[in-house]
Amino acid sequence: MDDRTVNVVGAGLAGLAAAIELSRKGVKCNLISFQPSERAQSVLAEGGINAALDTMGEGDTTEEHFKDTMKGGCYLETESAVRNLTDNAPDIVKELYRLGVPFCSENGRIILRNFGGQAKKRTAYAKSSTGKMIMTALIDETRKYEAAGLVTRYQHHELVAMDVKNRQLVSISVKDRFSDDTFTFTGSTILCTGGLNGFFEGMTTGTAANTGNAAAIAFDSGVEFANLEMIQYHPTTVAICNKRMLISEAARGEGGRLYIIRNGKPWYFMEEKYPELGNLMPRDVVSREMYLVSRRDDCEGEVFLDMTGLDDNIWKNKLSDLRSEIISYLHKDPAKEPVAVSPGIHFFMGGIKVTDEHETNIRGLYAAGEAACKYHGANRLGGNSMLGALFGGKTAAASAAVSAGQCIVKKTETPVGTVSSPEIRHILRDVLLEGLGIVRNTKSMNDSLQKINTLCDKTEKNSIDSKRIKFAAAMLNSALARTQSLGAHFLMNDG
Ligand SMILES: Cc1cc2nc3c(=O)[nH]c(=O)nc-3n(C[C@H](O)[C@H](O)[C@H](O)COP(=O)(O)OP(=O)(O)OC[C@H]3O[C@@H](n4cnc5c(N)ncnc54)[C@H](O)[C@@H]3O)c2cc1C
């Protein structure tokens, strides 16, 4: 074993994939995370992971996976990166199966389900708890390397600062959330800190524990970001206690249908408007259609997801967790009555800009998973995110291993404040929601930006609040810079 070490910040799918890959290469890893892996947002993933395994006899190929991904993302993705992703997908899923992920299967053959934006069955799943099952397998695999001294965990540790000089990462600072002890770590670092959910507290299907502070700190340190305006609204979510509960796309993949009451009768608008993919059109299209039909004069009430036609076998073998979640939280049995749904913020296609090798513009700094912007263009296809996180983590690790040197960890006496003000957080959220909705217009984006700029005077320079404000402004500036509609960025200017 040598002394080469890489710091991995974030221990969800991307972070664990990076830690495992580094270990397999004999490189040590400091695995630093705000929360333990068991609580990372990745455990929430339900519906599945895409790979052209072609076990359903449909003649699916990696080329078709590539084409669907490019088309779903409106060709904003880098072609070469998506090709790497889709070519590697079958091996990634087979490796997960080998590690013990209980993908639904028959005689050792993984069964695949339909997901949005793809004409062939391509999504491997473990009932409706795919993320939890994959995370469990990867946590186990990582423990093996912890025991071998290759992975050192720093759980409940938060990234609080980055020192960048001349476009070179010098160190990161990390604070123990309970003792407040702060340490600096030198050496190459991979940021796997997940999406920007904390900017949309209460309005997202994800966890607000992904505060977005890491992104704000990185942006303030000169790390380049891309496509921040590309925010995915998932069509089928429901408001529950301070969160949006997701009704996985798997429900529509298995036959769930969207309708609204028009002239007194159910109107299956997606099926009528998009006969080919119907309810399984990409998420940006479905969310937009829901937004538009619910504003029509001849339509009344909410949009419903009708899963009453699904047979018992599907509920039992494929969607049992989803059904019990709906019963527990909404006190309705989806097998017996339709559920009112509306779009909610779900995923961030934009993030830290990385090369195909997952390098950032700062030497020694890499990024992967939902924190990074690479594979999903203007709209992510369901099932591609876990894949992107796993492949991205692995790729970033391979790149970081090459540049890895020794890591020096030092306790520092300099206190760093990282608790953001709830008042500012809530103002930012409300203003961002006004500007960056499903349908946007230049005036509301400009108004939002102005409101955000006035907040700057209310915060201390260099505080986490001021960094969050700058980052929120960057999201709006990114949206304003894109003057044509594309994917999740849909403009409908007045007049
Ligand atoms: C409800 C739900 C269902 C989904 N279903 C699917 C699906 O079926 N298929 C699919 O492909 N995708 C799905 N997704 C998306 C997918 O789960 C995520 O995009 C993916 O798991 C992200 O993995 P990640 O490793 O990048 O981030 P995460 O799993 O979010 O991990 C982020 C890590 O960073 C840490 N962290 C954050 N900030 C800091 C900080 N400042 N300092 C230190 N550590 C920090 C966190 O503690 C965590 O360990 C779903 C998402 C949600 C919310």
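## Close-up views of a predicted protein–ligand model

**Figure 1. Overall dimensions of the protein chain.** For the 495 residues of the protein chain, a compact globule would have a radius of gyration near 23 Å, and the value of 22 Å for this chain agrees with that; the radius is taken over C-alpha atoms, and the globule rule is 2.2 Å times the number of residues to the power 0.38. The model is a predicted one, in which local features need pLDDT of at least 70 and side-chain atom pairs count only at pLDDT 80 or more, whereas totals for chains, interfaces and linings use all residues. Residues are numbered from 1 along each chain as its sequence is written. Along its principal axes the C-alpha trace spans about 70 × 60 × 40 Å. The secondary structure comes to 14 helices and 23 strands, where helices (H or I, at least four residues) and strands (E, at least two) are DSSP runs numbered from the N terminus. Buried residues make up 53% of the 495 residues; a residue is buried if 20 or more other C-beta atoms, placed from the backbone, lie within 10 Å of its own, exposed if 12 or fewer, and partly exposed in between. Of the contacts with a separation of 6 or more, 74% are between residues 24 or more positions apart, a contact being a pair of residues whose C-beta atoms, placed from the backbone, lie within 7 Å.

**Figure 2. The shell around the ligand.** There are 45 residues around the ligand, of which Gly10, Gly12, Ser42, Gly194 and Gly369 come nearest; a residue is near a molecule if its C-beta atom, placed from the backbone, lies within 6 Å of it. Two or more residues of this shell are given by each of α1 (13–24), β2 (28–33), α4 (130–147), β9 (157–165), α5 (213–220) and α11 (384–403), and the largest share, four residues, comes from α11. The shell divides into 19 nonpolar, 23 polar and three charged residues, with Ala, Val, Leu, Ile, Met, Phe, Trp, Tyr, Cys and Pro counted as nonpolar, Asp, Glu, Lys and Arg as charged, and the others, Gly among them, as polar.

**Figure 3. Helix α5 and its surroundings.** Helix α5 is mostly covered, since seven of its eight residues are buried, namely Asn213, Ala214, Ala215, Ala216, Ile217, Ala218 and Phe219. These buried residues pack against β1 (5–9), β9, β12 (189–191), β13 (225–226), β20 (351–353) and α14 (464–481). Just after α5, Gly222 takes a positive phi of about 100°.

**Figure 4. The six-stranded open sheet.** Six strands are arranged in the order β15-β14-β19-β18-β16-β17, with antiparallel pairing; two strands pair if DSSP finds at least two bridges between them. At the edges stand β15 (243–246) and β17 (265–267), each with a single partner strand, so one side of each is left without a neighbour in the sheet. From one strand to the next the twist averages 55°, based on axes that are lines fitted to C-alpha atoms, with angles running from 0 to 180 degrees between N-to-C directions. Strand β14 (residues 231–240) is joined to β19 (residues 339–348) by five bridges in the antiparallel sense, and His234 stands opposite Gly344 in β19.

**Figure 5. Ser342 in strand β19.** Ser342, a residue of strand β19, is partly exposed, with 19 other C-beta atoms within 10 Å. Leaving aside residues up to four places away in sequence, Ser342 touches Thr237, Met290, Glu302 and Val303. Ser342 and Thr360 are 18 residues apart in sequence, yet 36 Å apart in space, C-alpha to C-alpha.

**Figure 6. The three-stranded open sheet.** Here the strand order is β3-β7-β6, and the pairing is antiparallel. The edge strands, β3 (49–50) and β6 (112–113), each pair on one side only. Two bridges connect β6 with β7 (residues 123–124) in the antiparallel sense, and Arg113 stands opposite Thr123 in β7.

**Figure 7. Two asparagines with positive phi.** Most residues other than glycine have a negative phi. Asn107, although not a glycine, has a positive phi of about 50°; Asn107 lies in the loop between β4 (105–106) and β5 (109–110) and is exposed, with 4 other C-beta atoms within 10 Å. Asn462, also not a glycine, has a positive phi of about 70°; Asn462 is found in the loop between α13 (442–455) and α14 and is exposed, with 12 other C-beta atoms within 10 Å.

Note on methods. Contact = placed C-beta atoms within 7 Å.
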